Amino acid sequence: TPTIDKLRIEPKGALGVDQSTGRIIGRAAHDGVTSAIDYVHEWTGDSAVSGENIEVVSLAHGQFLMPGLIDTHTHAPQFTFLGIGHDLPLMDWLNKYTFKHESEFKDNQWARKMYTEVINRVVRNGVTFAAYYGTIHVEATCILAEVIRSVGQRAYVGKVCMDANSPDYYSESTAESLEDSKEFVRRILNAETANAHGDQQKGQHIPLIKPIITPRFVPSCTGECLAGLSELAHKHELPIQSHLCENPSEVDFAKSCFPDCTSYSSIYDKHGLLKQGTIMAHCVHMSDEDLRLIRATGAGISHCPNSNFSLASGTADVHRFLSEGIPVGLGTDVGGGYSPSIIDSMRMAAAANRTLLAYKRDRGDFLEGRSAAPLEFSELIFLATQGGAQVMGMRDNLGSLEAGKLFDAIVVDLDVPRSPVPSSTFTPAVIAFGEGSVDAWRLRLEQFVFLADDRNIARVFVNGRLIHSV
Ligand code: GUN
Ligand code: FE
């Protein structure tokens, strides 16, 4: 889905990847038989390349290749209470469960053990690129980055900042928050420079891991902290992530902290935190001014429907964001959301959209100005891939399988034992269209979106490298 209105299926074809750069060098949609070496000669224009330098990877029956799934919002330490505590609304949930579990990451051994489990689990779910929140701890969050580096996933990693309205056992002073953020940024940038050593095309090198500036949300930060973090982000040209308009009492609390500001977004904007490459999670309860500021600054939205349902936060109006030209991607928001899978986010996004449609139909007067169009499954795939890439500021490098982009991709297998996706022989329409035809694959893709899970993820590639296979 290079654009939201386009689903491109190639039933037979080939893709070439240069493993030294991680980039796609060519694509072909052929029915005729062509050898890998012929493709490579055509794509490189270099007839001297020999077969020894080429590795051929073929897909089995029932498998297809698609761009890697992108999780634009997740909390790595919150996997420790996955599926627990969804009975409370946001602010109570944070105080009763979240801060306590996150504070445990002051223990580096605990962090290494948990984060190793977490990253393997996320990758197994087909997520090639994620924006992670760590905790307030520099050491544990550096360990998170180390684990991601050793697994080979692409990521933004953030040390969480909390210098206001936070419990004594889990908070920091303004000075600590800013100094520790600087230290964290320095350590991650240095580690990535060391990692890129020997890279033949350093000029073009895009580090696999980047630090992301992470004020938790307005209620947990002072103005001085927000302003200092903005300065740090601009100095190193770093992405920024936070939460916005998730829950009505959170919105009220945020505005009460900054009474001069007329909207939640204007608090972030006043402190210089809204820009291209800023990821705002949730955006459920947006005023017209909130939307105008997000649109005007080029910030992106992470839609986290599982979390929005599970904590009863509300239903975000994705169609409206899209129609206003705002970048939108999907987020799991573990542990507000109970699933680490972006395939789950796709179907939850469909459910959120259908909920709005039904309310609009039955109680239209309550939803003045809300969009009333259904999200199609191809649009859900767009949000999970190209939309996510756009929100992460990587639209030219990721999100679709086109020549010149980095090869982050997954091999999906719909024909696995005990698969949640029925075999194609149980899908009469597939038989009618002829297995392997574009129309049959459309139906199989729709089933993938609504039924698949990690059992269906056969291989995961990041930057041209295989990082997971079953
Ligand atoms: N707002 C501030 N912190 C959090 C968090 O950890 N999860 C969610 N869903 N919302 C938040
Ligand atoms: Fe969150």
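Ser177, Leu178, Ser181, Phe184, Val185 and Ile188 are the buried residues of helix α5. Seen down the helix axis, these buried residues fall within an arc of 125°, so they line one face of α5. Please keep in mind as you read on that this is a predicted model.

**Helix α5**

- Helix α5 runs over residues 174–195, which makes 22 residues.
- An α-helix has 3.6 residues a turn, so residues three or four places apart point the same way.
- On the face turned away from the buried side, α5 carries the exposed residues Ala175, Arg186, Asn190, Thr193 and Ala194.

- The chain divides into domain 1, made of 14–67 + 400–469, and domain 2, covering 69–391.
- Taken over C-alpha atoms, the centres of domain 1 and domain 2 are 30 Å apart.
- Contacts link 20 residues of domain 1 with 23 residues of domain 2.
- On the side of domain 1 that touches domain 2, the elements giving two or more residues are α15 (438–451), β15 (457–462) and β16 (465–469).
- Helix α15 provides the largest share of that side, with four residues.
- By class, the side of domain 1 that touches domain 2 holds ten nonpolar, five polar and five charged residues.

**The shell around ligand 1**

- Ligand 1 is surrounded by His75, Leu90, Leu94, Thr98, Arg216, Phe217, His243, Glu246, Ser307, Asp333 and Gly336.
- Helix α2 (residues 90–103) contributes the largest share of this shell, three residues.
- Sorted by class, the shell has three nonpolar, five polar and three charged residues.

**Val118, a buried residue in α3**

- Val118 sits in helix α3, which spans residues 108–124.
- Val118 counts as buried because 24 other C-beta atoms lie within 10 Å, and the cut-off for buried is 20 or more.
- Leaving aside residues up to four places away in sequence, Val118 touches Ala76 and Phe79.
- Although Val118 and Phe79 are 39 residues apart along the chain, their C-alpha atoms are separated by 6.7 Å.

Methods
Residues are numbered from 1 along each chain as its sequence is written. Chains are lettered from A and ligands numbered from 1 in the order in which they are written. This is a predicted model: local features need pLDDT of at least 70, side-chain atom pairs count only at pLDDT 80 or more; totals for chains, interfaces and linings use all residues. A residue is near a molecule or strand if its C-beta atom, placed from the backbone, lies within 6 Å of it. Ala, Val, Leu, Ile, Met, Phe, Trp, Tyr, Cys and Pro count as nonpolar, Asp, Glu, Lys and Arg as charged, and the others, Gly among them, as polar. The expected span of a helix is 1.5 Å times one less than its number of residues. A residue is buried if 20 or more other C-beta atoms lie within 10 Å of its own, exposed if 12 or fewer, and partly exposed in between; C-beta atoms are placed from the backbone. The arc is that of the directions from the helix axis to the C-beta atoms. Domain bounds come from an automatic or database domain assignment. Two residues are in contact if their C-beta atoms, placed from the backbone, lie within 7 Å.
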